[in-house]
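Please study the sequence and the structure before reading each solution.

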Amino acid sequence: MHSSAPLTDAHIQEANASRAATLKEDYEHLTLQLARRGVAIERLVDQAMAFRVAVPSWGVGAGGTRFARFGIAGEPRNVFEKLDDCEAVFKLTRVTPGISLHIPWDKPDNARELREFARARGLFFDSMNSNTFQDQPGKPLSYKFGSLSHTDSAVRRQAVEHNLECLVIGAALGARSHTVWIGDGGNFPGQVHLRSALSRYLNSLREIYAALPDGWRLFIEHKLYEPAFYSTVLNDWGTSYYCATELGERAYSLVDLGHHAPNVNVELIVARLIQFGKLGGFHFNDSQYGDDDLDAGAIKPFQLFLIFNELVDAELSRVPGFAPAYMLDQSHNVTDPIESLVTSSVELVRAYVQAHLVDREALAGFQEANDPLMALQTLKQAFTTDVTPILATARARAGGAIDPVAVYRSSGYRRQKAAERPPVARAGAGIV
Ligand code: LRH
Ligand code: MN
């Protein structure tokens, strides 16, 4: 018997039944509105149902900052309980069957057992993530001064070995990509030789790339700063693109929305990586200042829409090899992680559907005619269209919840988990 009993399909269907009439009304109203624009609403429902985004296993626990981490009742204590909570997100949204694991946080004793546990819940494993930004129990060498770019070849060796282990675990779990983010860099001018550090990093990546299982992709994740506060080895998309190109056709750049300087035009970076054939995927989240890892669409929903506008434009113009992997990467410091993952995935589907609402013929005309105002208005018309009835209809047709947060709260899931999972003493601070 699955331990996610409180959130049963019956409970979801019962809750949907009480909302069906209102949804039907709103849906019919939007149908008319869109029909006037020559848009077939059913096409958009199909696209919403087909959308997929992976959930980070580390996202179902309470996150924290360097100052403090405040736990939450019923916190998952191991990878199995994390999967139970990921199943809850999937049951409510029906767009998150993929789970992105982080090693060693989620290192399984028995990969076959874990794979079967996930399969029984309708889940599979998406991109693997290595961790050479924390010292690992049982590993002799420290990553204090770096990992894949460390000056000491023995430390680089240890870091490469860890990544190779992630590939082996991932292959046993059925994953098909590996994401490498390192915190390597310096806090002071002169601390790191900027060019040779990158060369050491790239040589380490070459060993990981050479060991990629057949059919796998390698995602290189750039980040401007933190934990290094003066220079970061893999600091921006240009450096990531260079490394991905140097490695080969199965290496790509991954864009974490929070990994850029304030005011950077992230959708422009996305358009570049699409055009260069090196856009591997995303870590979606939102931020006001730095790598805040807030809920996607919570702070800059228009930026999220503009990013999906580039993605949908590439999808519709059939850019060769365009197959970005969508993942959430957030830190839930003050909300129920399940509610944040549910609402964040809903906001991604919203941006995707709104991007499909853009009248691209009209937009192209205004661009050709150098009519900036009408070009912007064309995007704004899509962005300001309330597609909520489409999103709810898509979830309901897929067996999910019309109002996922209300259904989650009425299910008593968190209360049940709090009873099942006694609190575990954890470090006082840090991301997880
Ligand atoms: C680094 C990062 C990376 C993960 C970590 C949990 O900031 O975005 O993707 O490995 O967060
Ligand atoms: Mn990330």
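**Exercise 1.** Determine whether aspartate 256 and aspartate 329 are buried or exposed.

*Solution.* Step 1: aspartate 256 has 0% relative accessibility and therefore counts as buried. The term buried means under 20% relative accessible area, exposed means over 50%, and partly exposed lies in between (1.4 Å probe, protein chains only). Step 2: aspartate 329, at 9% relative accessibility, counts as buried.

The model is a predicted one, in which local features need pLDDT of at least 70 and side-chain atom pairs count only at pLDDT 80 or more, while totals for chains, interfaces and linings use all residues. Residues are numbered from 1 along each chain as its sequence is written, chains are lettered from A and ligands numbered from 1 in the order in which they are written, and side-chain values use heavy atoms, without hydrogens and water.

**Exercise 2.** State which residues coordinate the manganese ion (ligand 2), and explain why the arrangement is octahedral.

*Solution.* Step 1: the coordinating residues are Glu221 (OE), Asp256 (OD), His283 (ND1) and Asp329 (OD), at 2.1 to 2.2 Å. Donors are N, O and S atoms within 2.8 Å of the metal (3.2 Å for Na, K and Ca); water is not among the atoms, so sites may look incomplete. Step 2: the six donor atoms around the manganese ion (ligand 2) subtend angles of 73 to 171 degrees, and the arrangement is therefore octahedral. Six donors count as octahedral if opposite donors are over 155 degrees apart and all others between 65 and 115. Step 3: the spacing of the donor residues in sequence is E-x34-D-x26-H-x45-D. Aspartate 256 in strand β9 and aspartate 329 in the loop between β11 and α11 (337-356) lie 73 residues apart, and the pair links distant parts of the chain. Helices (H or I, at least four residues) and strands (E, at least two) are DSSP runs, numbered from the N terminus.

**Exercise 3.** Give the strand order of the open sheet of six strands, and identify which strands stand at the edges.

*Solution.* Step 1: the order is β4-β5-β7-β9-β10-β11, with parallel pairing; two strands pair if DSSP finds at least two bridges between them. Step 2: β4 (128-129) and β11 (325-328) are at the edges; each has a single partner strand, so one side of each lacks a neighbour in the sheet. Step 3: strand β10 (residues 279-284) pairs with β11 in the parallel sense over four bridges, and glycine 281 stands opposite alanine 325 in β11.

Terms used:
Four donors count as tetrahedral if all angles lie between 85 and 135 degrees; four count as square planar and six as octahedral if opposite donors are over 155 degrees apart and all others between 65 and 115; anything else is irregular.
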